[in-house]
Amino acid sequence: MNDEYIKSNQIDEPPVPLADCIICAAGASRRMGEWKLSLPWFHPGWNGSPSVPFAVRAQPPDWPIFPSHENWLVDGAVQSALSAGCRVILVTGFRGAELEERFAPWPNVCVVRNYRWETGMISSVQAGLPYVQTPWFFVAHGDMPLISSRWYRSLFANRPLIDSEDQVTVLRPLYLNNKGQAKQPGHPVLFSASAIPLLQKAPEGDSLKPLLSQCNIRTIDTWDQGVIHDVDNLETYITALTLSRSYENKPYPGARVHPGPVETRPLQSSVRRISGAPGSGKTTLLRREAFRSFINLIESNQAPASLSVLISQVQVGQRRDGKAPGFDIEAFYQLPGGPISFFRQALCRSIGEFQVPEPITLGPYRFDPAAFENLELWLTPVLEYAESYRSIHVYIDELGKLELDQQRGLWPLVNRLVDHVVQAAAAGCSYELVCTVRKDRISQLASYLAAKGFQSALFDLSEYSGSQL
């Protein structure tokens, strides 16, 4: 039993929670471009990630993007609250059925559906209020997995013993920058139950700021970025992964450290092609594989000696006919021992919606040649890096007519990156090279890779029958 729980008089009774915690997990992740709550997260029990000994692992859907052993980003947020002794009220909306199925076996998690989730975060808080059973309760977010369980305990320990009836009391972390000057309110937020009537009357939207101005706010200063770091895009997600690494072996006072080896995927050399019909999830699968690889490097402490590169195309919006009005090219890389660099630029738009000099017209889209040139320029440190790696991991998205027929677009960059993999293989380093490719260009890419000395495995999403990548 968690030490922070209030002990019951009856041994066989369930523990009484420290406080209820409403975790908002209803959004559609439009800025991320994919459902961020299901993004891969660290294995349970890893020192840099909370571990909940009394939580039962749920089985995610049987699809290759969600292998059954995988921890999700939202799991990290829920586990932090649970490990502090809270009962979690998880409020879902977008893809709510999947979260309800996932968390149904978890003790001390009550899952609530918010059918008004599109009106903003306030509606999710309001959906969770009827289930609050404790005199004090927290509000947190499902896309903030870096919040340490220490914050739930610390805020709760600093609550006033007697809450004023005249003014609602609120406690929250206050993040200071490295100069100790700029201040930014953080999460979780601890409310007294007297705040419930105010929250029920709050107007629709995504901010609690107007309501909080009517409260007595107490804060605890901190330099912990986890209290303000939410995951909204590729950069904030990858940054969250690296920040988690900095927490390893730095337990807070009184923390339960779970020593012992963590089972991670061993570094293995492989070259893979991912294909499938348009809209089948090729890009999503490629990105998830890149994320899993990066997490594996962090958990096995091999990231400082490895090169990681991801280049992918992200859909921008959606038209009424369901088609994409365009795509951006998005990428990140980390050199061995170096900082992470990010890139994003408009790549293509529907004809008539993109005014660029000398565009490349392909199908219904116009491509900006400068996007490919700027991407290669941005990758110069990778392309000129001459020192040896322990491993190299390259993920390249959407090779098609432009590359394999015309040798334009990403093709010059693909050649240079593949040569890096060839050099790594010759030096005895482990490597991963994964590309997505149009179905009608599968054999062309296989021939190219074979000429480089690689036998590549094909994973065709349109033929998926239950095996995992």
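**Confidence**

I began with the confidence of this predicted model, and found that the protein averages a pLDDT of 83, with 83% of the residues scoring at least 70. I noted that the pLDDT is below 50 over residues 47-66, a stretch that has 74 contacts in the model beyond near neighbours in sequence. Over residues 248-264 the pLDDT is also below 50, and there I found 23 contacts beyond near neighbours in sequence.

**The nine-stranded sheet**

I then followed an open sheet of nine strands, whose order is β15-β16-β14-β13-β12-β17-β18-β11-β19 and whose pairing is mixed. Which strands stand at the edges? I found β15 (360-362) and β19 (457-460) there, each with a single partner strand, so one side of each is left without a neighbour in the sheet. From one strand to the next, the twist averages 20°.

Within this sheet I looked up the pair formed by β17 (residues 391-399) and β18 (residues 430-437), which run parallel and are joined by seven bridges. One of the residues I checked here was Ile396, whose bridge partner in β18 is Cys435. Helix α12 (residues 411-426) packs on the sheet, where it touches β12 (306-315), β17 and β18, and its direction makes about 155° with that of β17. I also traced helix α13 (residues 442-451), which lies across β11 (270-275), β17, β18 and β19 and runs at about 165° to β11.

**The cores**

I turned next to the largest nonpolar core, which has 48 residues, and noted that Ile311, Leu375, Leu379, Ile396, Leu410 and Leu433 touch the most other members. Which element gives the most to this core? It is α12, with seven residues.

**A crossover and its loops**

I looked up strand β4 (residues 87-92) and strand β5 (residues 109-113), which pair in the parallel sense over five bridges. The chain crosses from β4 through helix α2 (residues 96-103) to β5, and I recorded this β-α-β crossover as right-handed. Thr92 stands opposite Arg113 in β5.

In the loop between β4 and α2 lies Arg95, whose phi is near 55°, a positive value in a residue other than glycine. In the loop between α2 and β5 lies Asn108, with a positive phi near 65°. I noted these because most residues other than glycine have a negative phi.

**A cis peptide bond**

Last, I checked the peptide bond from His187 to Pro188, which is cis, with omega near 10°. Pro188 is found in the loop between β8 (183-185) and β9.

Definitions and conventions
Residues numbered from 1 in each chain as written. Predicted model: local features only at pLDDT ≥ 70, side-chain atom pairs only at ≥ 80, totals over all residues. Heavy atoms only, no water. Pairing = 2+ DSSP bridges. Helix = DSSP H or I, 4+ residues; strand = E, 2+ residues; numbered from the N terminus. Right-handed = clockwise from strand over helix to strand, strands pointing away. pLDDT = per-residue confidence, 0-100. Contact = heavy atoms within 4.5 Å. Axes fitted to C-alpha atoms, helices over the stretch in contact; angles between N-to-C directions. Core = buried A, V, L, I, M, F, W, Y, C linked by side-chain atoms within 4.5 Å. Buried < 20%, exposed > 50% of the residue type's maximum accessible area, 1.4 Å probe, protein only.
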